[in-house]
Amino acid sequence: MWVFIPLKDFVQAKQRLSGFLSPSERRCLFQAMVEDVLDVLTQVEGLERIILLSDDPAANLLAEHYNIECWSERALAPPGLNSVINAAVRSVAGQVDHCMVAHGDLPLASVEEWQEVLAEHARGHGARVTLVTDRHCDGSNVLITSPPGSLTFAYGSESCHHHRAQAQQKGLSLMTLERQGLSRDIDDGDDLAELVSCDWGSRAPKTLHYLRENGLDQRIRALTSKEANSAFIKMDVVSDS
Ligand SMILES: Nc1nc2c(ncn2[C@@H]2O[C@H](COP(=O)(O)OP(=O)(O)OP(=O)(O)O)[C@@H](O)[C@H]2O)c(=O)[nH]1
Ligand SMILES: O=C(O)[C@H](O)COP(=O)(O)O
């Protein structure tokens, strides 16, 4: 199994969190989330190669640190998430039997969850797709395809629905899963509020450390509280001071 993790320019990441975090805070949060994901994924058994797809120098440094690969997206395809993933996956078709695409904003996923998802996929036969949805059943947080290239990746609004429909249309066996951490990508204020308010045990240590050390958990709680919402005091954009 080869794993691809697309990472957009870290400064551009997580725009939907602009009402809660400044640009530099969003960048640091994204870095911490990706590190949590890589700390966990590098412990998962059965992953032959982990490949970041990015042109951000920060991704190259992470690849060096974790002893994994980073492929330049510029060298692969025209800009855009789907373009770069489809090009990367097509480029390995024929060399590898299974590949997984995962995202960098899944710091709450545990080793056990990744391992369970791989085991579920391994139990299947023939051409197949395993999809871990987000908690709203809209997004495609993790997609495993066997063989690679059997599915055209179509991330974006309601991608879960699009990927499922495509798998059915192409006659691929499809398994859709939901898991506590893997289904909780950190996209918006509600996700942030839940991240800082619940007890996640040992999950997402770097992400939670970053938010707490900098008092951002308190800001997030204040901005996402019922009172803040009802008083319409949520900011549109938080700037760096
Ligand atoms: N390499 C690469 N990765 C991308 C690109 N666009 C998005 N990604 C990554 O794909 C995943 C999903 O991206 P999005 O939901 O579009 O963006 P996001 O940064 O998570 O959130 P928003 O900025 O709020 O939309 C994230 O891990 C991104 O870093 C791209 O053009 N190139
Ligand atoms: O199609 C999707 O699932 C999304 O584009 C993935 O990214 P997000 O979870 O960061 O929105």
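Student: Which residues does glycine 104 touch?

Tutor: Leaving out residues up to four places away in sequence, glycine 104 touches Ile5, Leu7, Phe30, Met33, Val34 and Val37. Touching, or contact, asks for C-beta atoms, placed from the backbone, within 7 Å. This is a predicted model: local features need pLDDT of at least 70, side-chain atom pairs count only at pLDDT 80 or more, and totals for chains, interfaces and linings use all residues. Residues are numbered from 1 along each chain as its sequence is written, while chains are lettered from A and ligands numbered from 1 in the order in which they are written.

Student: Why is glycine 104 called buried?

Tutor: Count C-beta atoms, placed from the backbone, within 10 Å: 20 or more others is buried, 12 or fewer is exposed, in between is partly exposed. Glycine 104 has 26 others, so it is buried.

Student: Where does glycine 104 lie?

Tutor: In the loop between strand 4 (99-102) and helix 5 (111-123). Helices (H or I, at least four residues) and strands (E, at least two) are DSSP runs, numbered from the N terminus.

Student: How do you know that strand 4 and strand 6 pair?

Tutor: Pairing needs at least two bridges found by DSSP. Strand 4 and strand 6 have 4, in the antiparallel sense. Valine 101, for one, has leucine 143 in strand 6 as its bridge partner.

Student: What is the strand order of the open sheet?

Tutor: Its 7 strands run 3-2-1-4-6-5-7, with mixed pairing.

Student: What makes strand 3 (69-71) and strand 7 edge strands?

Tutor: Each has a single partner strand, so one side of each is left without a neighbour in the sheet.

Student: Which residues of helix 6 (residues 159-169) are buried?

Tutor: Ser159, His163 and Ala167.

Student: Why do we say that the buried residues of helix 6 line one face?

Tutor: Look down the axis. The arc is that of the directions from the helix axis to the C-beta atoms. The buried residues fall within 65°, so they line one face of helix 6. The face turned away carries the exposed Gln168 and Gln169.

Student: What covers the buried residues of helix 6?

Tutor: The cover includes strand 5 (128-133), strand 6 (140-146) and strand 7 (173-177).

Technical notes
Two residues are in contact if their C-beta atoms, placed from the backbone, lie within 7 Å.
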